[in-house]
Structures are given as C-alpha cells and as structure tokens.
Amino acid sequence: MPSTKPPSFTLPASWSSHLAAELDKPYFQSLCSFLAQCRQQGKTIYPPAPLIFNAFEHCGFEQVKAVILGQDPYHGPGQAHGLSFSVPQGMPVPPSLKNIYKELQQDLSVPVVAHGCLDSWAEQGVLLLNSVLTVEQGLPGSHQNRGWQDFTDKVISTLSDQRSGLVFFLWGAYAHKKSALIDESKHLILRAAHPSPLSAYRGFLGCGHFSQANNYMLAQGVEPVSWQLAEQQATLGF
C-alpha cells in the first residue's frame with residue numbers, strides 16, 4: 001500500500017526497515033496532526049520540513065558508530081538543520097558547540113574552527129540526534145511531549161538492541177535518563193555535564209570523551225572518527 005505520510009516523514013531506506021512501523025502508530029499520527037495544525041496557524045517550525053530527518057539522511061543505520069544526543073532543535077532563524085548541536089555554514093557557533101570545540105582541542109588537540117556545521121561527523125557515522133525533532137520559533141521546548149520522544153527513544157533502543165559496539169554521548173541530566181534504553185554490556189555510554197556555559201565547568205570540560213570514544217572504536221576494530229573539521233585557520237576567540 002502506498003505511503004500516505006508526507007515526504008518530510010519518509011525515512012531513508014536503511015532506517016525504514018527498522019522503524020517504519022513507528023510512523024504508522026497513533027502517537028506519530030497525532031504528532032503529524034499537531035505539526036500540520038501549527039503550520040495552518042501560521043507558526044514557524046524549525047528545522048524546515050525537508051530537514052527534520054536530516055540526521056538519518058546523513059548517517060545510515062548500519063553506518064552508525066556513535067550517537068551524540070541533544071534535546072531539541074535551535075529555535076532561532078536559520079540555525080536548525082536537523083543535526084544535534086550543529087548549525088549551517090554561515091551561522092554563528094552556538095555557545096554549547098563552542099565548549100564542545102574547546103573540549104576537542106584539550107582532549108585531542110583538534111584545532112578550533114569558526115563554523116558550526118557538523119556534517120562531516122554525521123557522514124562518518126556519528127548520529128547527531130535530538131530527542132525532539134521540531135520546535136516553534138522562539139519557544140524552546142515547545143514540541144516536547146508531542147510524540148517525538150517516543151520516536152527517538154525507539155531509535156535509541158533499536159540501535160542498542162540490533163547493533164553492538166556503539167558509543168553513546170549523553171551530556172546533561174536530560175540525556176543521562178536515556179541510558180535506561182541502552183544495553184551497557186554491548187555499548188559504551190559516556191556521561192558528563194551538558195556543554196552549555198551554565199554547566200560545562202561541572203564536568204564536561206576535561207571529560208576526555210572524544211579520545212575515549214576513539215579508543216573504544218579502535219578496540220572494536222572500527223575506524224575512529226576524525227573529529228577535525230575543515231576551515232581550521234579561524235578561531236573563535238576564546
């Protein structure tokens with residue numbers, strides 16, 4: 001039977017074979033109705049509809065090496081493009097991502113770059129997954145408890161069940177709760193404070209997560225992630 005779901009809610013083939021049933025469940029249909037109603041009311045939703053599943057487009061199910069879990073998309077114009085912590089080229093680097101760059105520099109001597117586009121991480125197998133995949137402009141958290149968490153919890157538990165040797169980066173109390181979905185006997189869970197300037201000093205900076213992740217991948221016989229981004233010459237002015 002042909003799918004009646006809008007194109008923006010069509011998963012790439014590698015994910016659809018594992019998760020297509022979720023898109024037919026009542027909670028997801030209710031979510032679709034909610035989003036359609038928001039647009040009918042003239043509300044601006046981020047990211048744009050074609051980018052809602054961008055994390056899955058960039059990183060196939062069997063290609064996943066690691067998951068970096070965020071909470072919900074950026075809520076300012078032009079920021080969100082479907083990858084957690086990432087912004088498109090040309091947008092200012094958000095504060096949390098600046099701290100991620102600082103930790104990479106400290107941990108692996110990775111030079112800091114002046115942009116915030118993490119496409120190359122995703123293309124190497126880092127699933128940049130927000131727990132909530134849409135947000136209303138200017139209203140952080142506005143689409144929580146509408147169904148996205150059910151969907152992304154299923155993403156996490158399916159990866160845990162059907163894959164092995166993955167790294168899950170869980171930063172902040174919200175993300176820590178997702179450890180209940182992950183089989184720690186099969187995967188590496190890295191927990192720390194959130195990289196937000198409000199909390200990064202409480203254990204994110206200095207956590208060494210990126211070197212731990214790459215060492216774990218090597219031990220699994222998996223090529224580690226090259227965290228170095230292009231455009232190394234400009235700095236952020238720390």
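Predicted model: local features only at pLDDT ≥ 70, side-chain atom pairs only at ≥ 80, totals over all residues.
Visitor: What makes the chain's size agree with a compact globule?

Guide: Compare two values. A compact globule of 238 residues would have a radius of gyration near 18 Å, and the chain has 17 Å, so the two agree. Along its principal axes, the C-alpha trace spans about 50 × 40 × 30 Å.

Visitor: What is the chain built from?

Guide: Eight helices and six strands. Along the sequence they run α-α-β-α-β-α-α-β-β-α-β-α-β-α.

Visitor: How do you know what length to expect for helix α2?

Guide: Helix α2 covers residues 26-40, which is 15 residues, and the expected figure uses 1.5 Å a residue. That gives 21 Å, and α2 reaches 21 Å from its first C-alpha to its last, close to expectation.

Visitor: Why are residues such as Tyr-27 and Phe-28 called buried?

Guide: Buried means under 20% relative accessible area. Tyr-27 and Phe-28 are on the buried list for α2, along with Leu-31, Cys-32, Phe-34, Leu-35 and Cys-38.

Visitor: What do the buried residues of α2 pack against?

Guide: Strand β1 (45-46) and helix α6 (148-162).

Visitor: And what covers the buried residues of α8?

Guide: The cover includes β2 (66-70), α4 (95-108), β5 (167-171) and β6 (188-192). Among the buried residues of α8 are Phe-210, Tyr-216 and Met-217.

Notes: Residues numbered from 1 in each chain as written. Heavy atoms only, no water. Helix = DSSP H or I, 4+ residues; strand = E, 2+ residues; numbered from the N terminus. Expected span 1.5 Å × (residues − 1). Buried < 20%, exposed > 50% of the residue type's maximum accessible area, 1.4 Å probe, protein only. Contact = heavy atoms within 4.5 Å. Rg over C-alpha atoms; globule rule 2.2 N^0.38 Å.
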